[in-house]
Amino acid sequence: MTVAATVRAMRRAGAAGQPVPADEVAAWARTFMIQLYGPQKPARLECRPKHSAEPWMQAEDGDVVRARRRGLDIRALYLHPKPEKPTKAHRFRDGNCRDCGDGEFYAGPNCEPPTPTPDSRAALPFDPTWFRAPLEALIQVATHRFIGVPDSMKWKSEARYLLERLDQYDKETLA
Ligand SMILES: [Zn+2]
């Protein structure tokens, strides 16, 4: 899970308005801890007197270790990873993306439309099986009639190649 995917899931859950199972919330928290904080050390630690609105000051090690005794609030500042540039941007119209259907207020940075299953057969103006019989007949003719050895070899090999391609095409498109 990436941070972007987690935020997207959280915003979707918020938009749905239903309670979210504790397992899911724990998984989101885990992703944030690992992705945002886990591998990093704070770039800077700052402190200020508890319950105050004073400006944050650079904290010494002792301030962090003895924060409670010194009555200090401590905050750790991290260098956050920069958000990635979206690979594909949403195209919003009337509050929803025209490509993936996500709502504008909960969509993540990337547009990930569901991939439609391509039906390449529907695009063909003919049925590939029509070629099978003529190609098989061509092999028979080239084998049994005298048309000269080079021609016979050539047509047999071309017809077999085309039949193999047809088999391959059937395997890929009829699976
Ligand atoms: Zn989209």
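## Zinc site, sheet and core of a predicted model

His90 and Cys97 are both buried. The structure described in this report is a predicted model.

The protein is divided into two parts: domain 1 spans residues 3-97, and domain 2 spans residues 120-174. The centres of domain 1 and domain 2, taken over C-alpha atoms, are 63 Å apart.

**The zinc site.** Four residues coordinate the zinc ion: His90 through ND1, and Cys97, Cys100 and Cys111 each through SG, at 2.1 to 2.4 Å. Along the chain, the donors follow the spacing H-x6-C-x2-C-x10-C. What is the arrangement of the 4 donor atoms around the zinc ion? The arrangement is tetrahedral, because the donor atoms subtend angles of 102 to 114°, and four donors count as tetrahedral if all angles lie between 85 and 135 degrees. His90 lies in the loop between β3 and β4 (92-93). In sequence His90 and Cys100 are 10 residues apart, and in space their C-alpha atoms are 7.7 Å apart.

Cysteines can also be joined to one another: a disulfide is a covalent bond between the sulfur atoms of two cysteines. A pair counts as a disulfide if the cysteine sulfur atoms are within 2.5 Å, and by this rule the count comes to 0 disulfides.

**The sheet.** An open sheet is formed by 3 strands in the order β2-β1-β3, with antiparallel pairing. The strands β2 (57-58) and β3 (72-77) stand at the edges; each has a single partner strand, so one side of each is left without a neighbour in the sheet. Strand β1 (residues 44-49) pairs with β2 over 2 bridges, while β1 and β3 pair over 6 bridges. Individual residues show how these strands face one another. Cys47 stands opposite Met57 in β2, and Glu46 has Gln58 in β2 as its bridge partner. On the β3 side, the bridge partner of Leu45 is Ala76.

**Buried and exposed residues.** A residue counts as buried under 20% and as exposed over 50%.

| Residue | Relative accessible area | Class |
|---|---|---|
| Cys111 | 5% | buried |
| Cys47 | 6% | buried |
| His90 | 15% | buried |
| Asp94 | 75% | exposed |
| His51 | 79% | exposed |

His51 is located in the loop between β1 and β2; it is not a glycine, yet its phi is positive, at about 55°. Asp94 is located in the loop between β4 and β5 (96-97), and its phi is near 55°, a positive value in a residue other than glycine.

**The nonpolar core.** In soluble globular proteins, nonpolar side chains tend to be buried together. Which residues make up the largest nonpolar core here? It has 5 residues, namely Leu135, Ile139, Ala159, Leu163 and Leu166. Two elements, α6 (132-144) and α7 (149-174), each give two or more residues to this core. The largest share, 3 residues, comes from α7.

Key: Residues numbered from 1 in each chain as written. Predicted model: local features only at pLDDT ≥ 70, side-chain atom pairs only at ≥ 80, totals over all residues. Heavy atoms only, no water. Domains from an automatic or database assignment. Donors = N, O, S within 2.8 Å, 3.2 Å for Na, K, Ca; no water. Tetrahedral: all angles 85-135°; square planar, octahedral: opposite > 155°, others 65-115°. Buried < 20%, exposed > 50% of the residue type's maximum accessible area, 1.4 Å probe, protein only. Pairing = 2+ DSSP bridges. Helix = DSSP H or I, 4+ residues; strand = E, 2+ residues; numbered from the N terminus. Core = buried A, V, L, I, M, F, W, Y, C linked by side-chain atoms within 4.5 Å.
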